[in-house]
Amino acid sequence: MRVVSLLPAATEIVAAIGGAGLLVGVSHECDYPPTVQNLPRVTRTRIDPQLPAREIDRQMAEAKRTGTEPIEVDFATLARLRPDVLIGQSVCNVCAVGEGELARVVPGLHPTPWVVTLHPHVLDDVLSDIVQLGEALALQDEAQELVAGLRHRVRRLAAQPAPPVRPRVLVLEWLDPPYVAGHWVPEIVALAGGEDVGNTPAAPSVPRSWQELADRAPDVVVIALCGFDVERARREHAAVTDPDARAILGRRQEFIDGNAYTSRPGPRLVDAAEHLARLLHG
């Protein structure tokens with residue numbers, strides 16, 4: 001079986017259930033586990049990730065306004081790889097190939113691959129995606145075993161004694177302009193023993209003004225930038241010049257690798273909850 005993954009989360013899931021050897025191509029962003037880094041890249045971005053955050057946001061908004069896909073498929077490479085299974089997503093066109101681009105390229109592939117589309121919004125959806133991929137790759141037992149282990153860790157976290165006062169937590173996935181993390185992130189905050197004051201489970205990430213964020217009075221501001229590691233997050237933090245941001249960014253801060261922990265809906269989301277619990281409570 002020949003598998004191509006168009007998003008990092010799917011690549012991580014495939015590897016976690018023992019299917020890394022089935023992968024013949026991955027997206028331009030796939031970097032975990034390290035064994036996938038030498039595989040052919042079948043996507044590319046139209047936007048330079050080294051640009052300042054404000055300019056990235058502007059170009060993303062322009063792409064949305066004009067109906068341009070910010071991430072495109074390298075059709076020639078994909079066709080050459082002749083995948084039996086092609087894994088896509090329908091959650092975010094910013095982070096990975098969206099449904100529109102997927103619908104454009106699949107009819108031109110011969111033979112036509114089995115397309116598996118992931119659409120997670122909360123942690124249970126992620127676990128369901130793992131099972132779905134296990135079935136698609138004939139790795140059902142491995143997928144069920146992984147899910148059982150992840151559920152055990154979630155139950156163990158949920159069973160931890162609640163702190164006398166849950167810290168009020170704000171998770172920012174972008175700083176210029178500020179975006180509050182959504183989808184599975186509020187659930188991770190709750191599992192870690194915090195109270196997410198920026199968003200609700202399953203809701204999409206949203207932009208909010210610095211003043212509105214200050215009014216929510218967080219005790220801890222977690223900076224976990226979508227697509228960026230801690231080093232880049234610290235640089236983006238240092239570059240914020242909006243005077244209204246000081247009321248938020250001057251509070252207790254914790255930096256988290258967005259790629260490793262929060263922006264990719266795969267098995268490492270449980271790692272994220274455990275990591276955040278250690279940061280919040282020591």
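Guide: What follows takes up helix packing, a sheet, a serine side chain and some backbone features.
Guide: This is a predicted model, in which local features need pLDDT of at least 70 and side-chain atom pairs count only at pLDDT 80 or more, while totals for chains, interfaces and linings use all residues. Residues are numbered from 1 along each chain as its sequence is written, and side-chain values use heavy atoms, with hydrogens and water left out.

Visitor: Why is α5 called roughly antiparallel to α6?
Guide: Helix α5 (residues 123-136) and helix α6 (residues 140-158) pack at an angle of about 165°, with axes 7 Å apart. Angles run from 0 to 180 degrees between N-to-C directions, the axes being lines fitted to C-alpha atoms over the stretch in contact. Because angles under 35 degrees count as roughly parallel, over 145 as roughly antiparallel, 65 to 115 as roughly perpendicular and the rest as oblique, α5 is roughly antiparallel to α6.

Visitor: Which classes of residue make the contact of α5 with α6?
Guide: Contact means heavy atoms within 4.5 Å, and the residues involved include Leu127 and Ile130 of α5 and Leu146 and Val147 of α6. By class, there are nine nonpolar, three polar and three charged residues, where Ala, Val, Leu, Ile, Met, Phe, Trp, Tyr, Cys and Pro count as nonpolar, Asp, Glu, Lys and Arg as charged, and the others, Gly among them, as polar.

Visitor: What makes β2 and β6 edge strands?
Guide: Two strands pair if DSSP finds at least two bridges between them. In the open sheet of four strands, with order β2-β1-β5-β6 and parallel pairing, β2 (23-25) and β6 (114-118) each pair on one side only.

Visitor: How do you know that β1 and β5 pair?
Guide: Strand β1 (residues 3-5) and strand β5 (residues 85-89) share three bridges in the parallel sense, against a requirement of at least two. Valine 3 has valine 85 of β5 as its bridge partner.

Visitor: What makes the approach of serine 205 to glutamate 173 a polar contact?
Guide: A polar contact is a pair of N or O atoms within 3.5 Å; within protein, one must be able to donate a hydrogen and the other to accept it, and residues adjacent in sequence count only if both atoms are side-chain atoms. The side chains of serine 205 and glutamate 173 meet this in a polar contact of 3.1 Å, and the serine 205 side chain also reaches the backbone nitrogen of glycine 182 at 3.2 Å.

Definitions and conventions: Helix = DSSP H or I, 4+ residues; strand = E, 2+ residues; numbered from the N terminus.
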